[in-house]
Every structure is written in C-alpha cells, then in structure tokens.
Amino acid sequence: MNMLGMFCIRACSGLVGCRTATRVRSLHSLPGITVAQIDEEVAKLLQLKAQLGGDDGKHQFVLKTAKGTRDYNPKQMAIREKVFNTIIGCFKRHGAETIDTPVFELKETLTGKYGEDSKLIYDLKDQGGELLSLRYDLTVPFARYLAMNKITNIKRYHIAKVYRRDNPAMTRGRYREFYQCDFDIAGQYDAMIPDAECLKIVHEILSELDLGDFRIKVNDRRILDGMFAVCGVPDDKFRTICSTVDKLDKLPWEEVKKEMVNEKGLSEEAADQIGEYVSMQGGMDLAERLLQDQKMSQSKQACAGLSDIKLLFSYLQLFQVTDKVVFDLSLARGLDYYTGIIYEAVLTQAGVAPVTTDAQNGAPSEESVSVGSVAGGGRYDGLVGMFDPKGRKVPCVGVSIGIERVFSIMEQKAEASAEKVRTTEVQVMVASAQKNLLEEKLKLITELWNAGIKAEVMYKKNPKLLSQLQHCEESGIPLVAILGEQELKDGVVKLRVVATREEVDISRADLIGEIRRRTSEA
Amino acid sequence: MQIDEEVAKLLQLKAQLGGDDGKHQFVLKTAKGTRDYNPKQMAIREKVFNTIIGCFKRHGAETIDTPVFELKETLTGKYGEDSKLIYDLKDQGGELLSLRYDLTVPFARYLAMNKITNIKRYHIAKVYRRDNPAMTRGRYREFYQCDFDIAGQYDAMIPDAECLKIVHEILSELDLGDFRIKVNDRRILDGMFAVCGVPDDKFRTICSTVDKLDKLPWEEVKKEMVNEKGLSEEAADQIGEYVSMQGGMDLAERLLQDQKMSQSKQACAGLSDIKLLFSYLQLFQVTDKASAEKVRTTEVQVMVASAQKNLLEEKLKLITELWNAGIKAEVMYKKNPKLLSQLQHCEESGIPLVAILGEQELKDGVVKLRVVATREEVQLIHNTHTVSLLAHGRMT
C-alpha cells in the first residue's frame, strides 16, 4: 500500500532535516544570505507543500498514539482474550445478557452526572451538529438505555472502553482510554439476593483468573450514615467525612483523624468514636454485635443496613463464598450514587503490580503500594430515576471489574513465566522438504482448512525446510505436516512433533483424524 | 425578555449545581447516526464474530487493537475529499485528536511505529464518519469494520489467493446465500485505458466512472465518459467492449493473446498474475461461487425452580453446586415465586431445562428435571454424578 511508504519516508525525515541543516550551514558562508532568511524561505515552501496536501507528497506527522492511549499488540490481545473469556463465561453462567452503546453520547446526557470529575470528559468539536462527548463510564449509558427503552428488569454485562482526560501530573501512568467491565442487575426484587449473586460472581471471577489471594470488603451506605449520626457528625458533613474515611485504605488512622478534625472541623470526640467503629471487621457476627451496640442501635438507618448485612451473609454462606468476604466498617468508596450495600475486592499479595485506588478508574498509577483493588461496586437505587421523565425508580446493584489492572498483572505473569504466549492458534504447519511442491501443499492445506483445522503455509514457492521449522518454533505451532516426493508417491504425509522432533508417517486418509486426536489431547 | 433572561440564568445555575439534586434537562436519545445494540442484536453479533474470527484464526492470523482516536495529523491528508467526514475532538488544551475513520491508516501507523515488515492480522472495531444525512440517509455514523490484511514481501499471488479463500470461507459459513467474488487488477485497468486511447491524466476519473457500472447501465456510463469527462466516443466504445467481459483463467489467457491488450506491458503483468491467482484458487477449491431459530440472548441451561414456598435456601444451595460445576444456571430473585412464573421465564428466555425442588423430593434426595420444550419430567438422584452429567450436556 502507498500509505505504508508514506509513513516510512516520514520516519526518515529526521535525516533529511540534518542534510538540510548542513547545506544551510555551508550557505551561511556565502555573502548576503543569512540562516534566518533561508529558514524563512524553507518555512514558506513547507507551508505551500502542506497546502498542496492531498495524495501527492509526504506528510508531516509524528509516529505516535495520542497521549494516554496505546495500541494492543498480538501478545497483549491474546492475554486480553483469555481474560475476557473467563469473565464473560462467568457472567453467562449466571444468565446475564449483554448490550452495547455508542462511544459518544449527547453532551447533555453526561452533564451533571459526575460532579467534579466532569472536567475530565472528552468533548467532540462543535462541527455544526449536536454537541457530543465521549463516554466517561458505562453506568450512565446504562441508565439512559434503561430509561429510553422503559426497561424495569435486566441482568446485563457490558465490556467496553471509556475515556477520561486525566491530568498527567496527578495521575502519572494512568491511561485516558481504558476498558471497563460492568455487571449490573436492575429491577425490584426481594432483598439481598441479587446483591449476594454479584458477590458470588466477583468471587468466581477472581478465583478463576488465578490472581492470588483476595478479600472482598463489604459495608453499607446506611450503616456509614447511621454511624456518623450516632457519633455526632452534623448531617451536612456526612459526605465530606465519608470521603476522609475512604482514605483509610491508604493512610493510617492518625492522619485520617487529623484531617477530620483539623480540615473538616469535626470534634475530636466524634472522630474518636468513629475511630472505634472503623477499626471493626468481621462477618455476620459483627453485624449481630452492632445491632446490640447501645449507640449504633439508636440509628434506624444503621439497623436496616445491619439486618441486610446479616441477610447477605446468610446467602453468601449458601453460595459458599464467606471465606473471602469481610464486613469492614472502614470501607467508604466514592459514595455519590450508592444507596445500600457497597463492596470492594482487593488482592492481598503485596505489590507485584502498581496500585489503583479505585477499581473504576482504569489503569494503575506508578506509585507502588501493597494494596490493590481489582473490583468494586454496590447498590444504587436512585440513578435510573434521574433519567426517567416521570422519575420512575429502577433499583440497581452492580460491580465493575478493574480489568486494566487484571491485564497488567497477567502481562507481568506472562513475562515472568517461561511459557510463551501464543498470538495465533495454528495447529499444523504445512511444509515441504524439496522444491516445486507448492501445489501439493496448497491442496493439502485446503483439505485441512475444510476440516476446520487451523493451518498455515509459507508464502514462498520453494522455502527451505529449516525456515519453515523455525517459523513453527517462533510461533509455537505444535505440528508440521511435511510433504516430500517419496511420501507423495507412497500416499503418506510425514507428521512431525515440533517439541520432541519425533516424526511418523501417516497415510493421507488418516491424517486429519490423527491431527484431531493429537490436538485434542494437548 | 427579562424573564427569559432570569430563567436562563437560573437554568445555568442549576446546571452548574449539577450533581444529584434534581431532575435534569435531558433528551433520551443516542447521538445522530449511532444506536445501542440490544441483547438480541448482541447475540447475533456474537455468532457472526465467532464465525469470522474462527476463520481468521484457522488461517493463522493475529489481532491487534488501536485507540479510538488518533492524533489529527495522523489522519490528515489520507482520505482526500472524504476528510470532511472526520469527527474531530474539541481542542481542550492538549493534542489535536480525531476519531478513526477506518482501520487501515491506524494499521499503517502501527506497522511503521513498530518497524514491522511481516504480519497477518485481523482487526474488528468501530470507525466513525460524519456522513451527511441528506446524501446517505440511513447510514450509520458509528459502525463496525472487520479488516484482514497480510503485510510483507512474499512470492507473488499466494497471500492474495489466501485472502480470497478466506472471503469464500466466511461467506459460505455465514450462510447468507449464493455469492460471487469479482476480481480485477489495477494494472489491467490502466493498461486497458492506455490501449483504448484514454489520456494518462484521465485514468483516475475514467476509472471512477467505470466503477458506476455496478449501479448504472452501460449507456449512462458511456454518456458520462464522453459528455462529462471529455473522452472520445471511439475510446469509450473500445472500453465498452472490454468491460463487458467476464470469465475465469480462460479470459485472462484470451486477453493475453488480444492484439490490442497485449501491447500494454502493464496489462500483461496483471493478466499473468490473474492466471497465477486462478491456479492457486483452483487448489484452494474456490473457483466455483434456515429454520427461523429463536435468537437467545443468554446461554442459561438450567432454571432452578421451586414448587412450594420456603425453598429459597435449598435452591441457592443447588444453584451453587451447578455454578461450581460450570453449568449456566439462573434462579428467580424472589423468596417464594410461583412455579408458573418460573416456567414462563424459561419459555421467554429459551432456557431448555428446569430443576424443580419440592419438599417430597428433598426428603427423597431427588430433583425433578423438566424439559421445557416437551414438558417431560424425570426424577434424578441429587448427587455429584447427576450434576456432572448435566455439566457435560448429556441431559437433553
């Protein structure tokens, strides 16, 4: 293609520039001509060239992707496919459907949904039509989809890329285009059953992905609010105290208390009372204890949350996942639209990979801390109502898997392990030991393709056997079907196992069956 | 006027307050030229992708992915007149960006950036074009492209033939009905124009007129060539003779012997390659040319149901066993659902089996398995063997 040529020529532009500079320097010695004048002339010519544009010449461009974005090469795609298959397999096992939405929404759809984060939204240029913005997450499009189609009940997963113009100074290393992997159950149901199934799904996914040990922390918005109330936090400070408590996963209690008292104006007494509660972790027993707690039981809200936590744990026991689930009063999460249960899954293995503070925020920053969040979510009953013209409520509970974090862990694992990541699934290389056998090879490979076997042949009329075998080693192809003149006369094909170098002659008629047998055993 | 002003100020203030307070001004729609995919459409889409990707993989292709937007300069100057259809991102103080218009320019950038000389890759992803609705009514502005490309220096026509083999396999497997793959060569076209007397500088424009033959009859195409593009009637007639020709390797042979055509070296090179191509296509066996299934949107195999009240706990225990064995199963989010509702859900979702628990069955240690389609019921002992039979699909 011509285009490739254009890119390659541009890549050499650096050299061209050097030669021009040399010429300019030597011209400088000529009387009456300055470098500045020459620069001016060159600039004029370049401008003229740019105007001519079109398909004629070489173009100005830099060979890079936009800041905060990256290509996925075949190895990364192979890892990505494996991860998606595991995750989607789990969603399907639980009866979820999937939808897809456009990459951009009407700007007004996204306006007012993200609070302070709104400044991170990518807008499209006003080109005379509707004002558009790239989607910031998958939850708002989901709510729009439900309201638009008047859907009251759905169990859906959605895996797609989202876009955030993160400020590089604040969040170094974070991507601006990254995958989100959401699972949500929308609809009015009996309490805590769907909530428990979400946790079961997180447990299944994290176990199957084999990322090491993990914990799923669980709390409830009503318990947090109730706790603040009985500890003497003024109503109007709930949110801001909440976001301070949220920092407990990164900062020690001393610092968090300091922020509450010094910056947020909380009384030291209230802070201490909060401190007692947020250090508590446990299971159903903790919920029981708190229901008996003199102070906590004064809050109706907290009691409702605690009863639901008990109910949740009873279901989790039946789902056999209580081993990794912890009721943790310090879990706060960005609580803007959560109304009930909230949860976050963390890997317990210390810092193999960098950390992300919020599973919904995409790729990790470069600071390495031992805590790593890989999933998060909760119940949010009020969001869809915001989109519905009549304000009809559709309760929702869901989870977002921090899939970029998972990719980077899997990529590191692949690098560390001796095993090669294959980028193709070819099972058989069709090769020749002598010249002039292309026709026979093409006939054979057609039989293999027609039988659904994944096979490759070199695009050369007379390739050397060694090159063909080398290609197998590089690509990880396990078998070679070698044709030779004698073999053709005898009606056989030499089948070679790349790993062991064993060779065996198989009759043409039995070849496909033999290949199937060997590749299914693998 | 003053009232309008005040209302506008208040609305602006409200928008600024944003957040979670009230209902917001919104229109419930997707952007023009874009649409959601509902679960049925996604199920169909998944089937199609599986078929196509299966074929690409069978031929040893890898896949890559690129960002949805590129630096504006990367796309500038690559699309000629179509450049006005590119979606730009707003200048928000950083790099100037545009949404990708196709997958080929990103591919070329990827190859150059990574200094790759050989690759066989497929790429399935959405691209973006601000089509003018008046011209192209009904066309989407966000749509999938599915590209397969072989890059690299190889012996002539082998990769070209494999591309055609892949198209043939895909269209056959997708079961869309009969199809034809038309083949030609740029060098043959240019050679033909040359020997028919088309001036060099008119090649491109005559070419785009000839391209309209799939939509317009020859008379109109000839009229455009002569009246609008200034071609001599004689040249147009000569072109007319050639473009009516169709065939296989035999046609390429004939044209190589054609007195006029054989004068063009370019055309002969193209014709020889067409012959070579057809010889490979013969070896690839491609030289020749539904019951209304209910589309399911989920893959659930078993519905766990109850015939009486207070069996939620038992249902949850059973479904856990099924999930742990990898079986796709569902249960209703109700403590005491009616059996009829549960069965209705199976019908609507296309779930083939129901595992029904009842108090007597629990005492006896059995589970009633019902086939939704036939309504037959069979009692099975509730043990790991049964679960494993279900897992291996031996129950239908």
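Let's call two residues in contact when they have heavy atoms within 4.5 Å of each other. By that rule, the contact between the chains takes 100 residues from chain A and 97 residues from chain B. Keep in mind that this is a predicted model, where local features need pLDDT of at least 70, side-chain atom pairs count only at pLDDT 80 or more, and totals for chains, interfaces and linings use all residues. Residues are numbered from 1 along each chain as its sequence is written, chains are lettered from A in the order in which they are written, and side-chain values use heavy atoms, with hydrogens and water left out.

Start with the interface. The area buried between chain A and chain B (accessible area, 1.4 Å probe, that the two lose on being put together, summed over both) is about 9300 Å², and carbon and sulfur atoms give 60% of that. On the chain A side, A:Arg93, A:Trp449 and A:Tyr459 lose the most area to chain B, together 10% of what that side buries.

Now for the charges. A salt bridge here is a side-chain nitrogen of Lys or Arg within 4 Å of a carboxyl oxygen of Asp or Glu. The whole structure has 68 of these salt bridges over all chains, and 15 are found across the interface of chain A and chain B. Helix H16 (residues 438-450) of chain A gives the largest share of the side that touches chain B, eight residues; helices are DSSP runs of H or I with at least four residues, strands are runs of E with at least two, and both are numbered from the N terminus.

Take a look at B:Lys57, which pairs with A:Glu81 in a salt bridge, the closest N and O atoms being 2.6 Å apart. This pair crosses between chains, from helix H2 (residues 39-58) of chain B to helix H4 (residues 74-93) of chain A. Buried means under 20% relative accessible area, exposed over 50%, and partly exposed in between, using a 1.4 Å probe and protein chains only. B:Lys57 is buried at 10%, while A:Glu81 is partly exposed at 30%.

Another salt bridge links B:Glu330 and A:Lys155, with 3.0 Å between the closest N and O atoms. B:Glu330 sits in strand E7 (residues 329-331) of chain B and A:Lys155 in strand E4 (residues 154-163) of chain A, so this pair joins two chains. Both B:Glu330 and A:Lys155 are buried.

What does B:Ile158 touch? Leaving out residues up to four places away in sequence, B:Ile158 touches A:Leu438, A:Tyr459, A:Lys460, A:Lys461 and B:Tyr280. B:Ile158 belongs to helix H5 (residues 158-173) of chain B and, at 1% relative accessibility, counts as buried.

Finally, the nonpolar cores: sets of buried Ala, Val, Leu, Ile, Met, Phe, Trp, Tyr and Cys residues joined through side-chain atoms within 4.5 Å. The largest has 128 residues, and A:Leu146, A:Phe228, A:Ile274 and A:Phe327 have the most contacts inside it. Helix H7 (residues 193-209) of chain A supplies the largest share of this core, nine residues. Apart from this core lies another, of 42 residues, including A:Tyr459, A:Ala481, B:Phe49 and B:Cys55.
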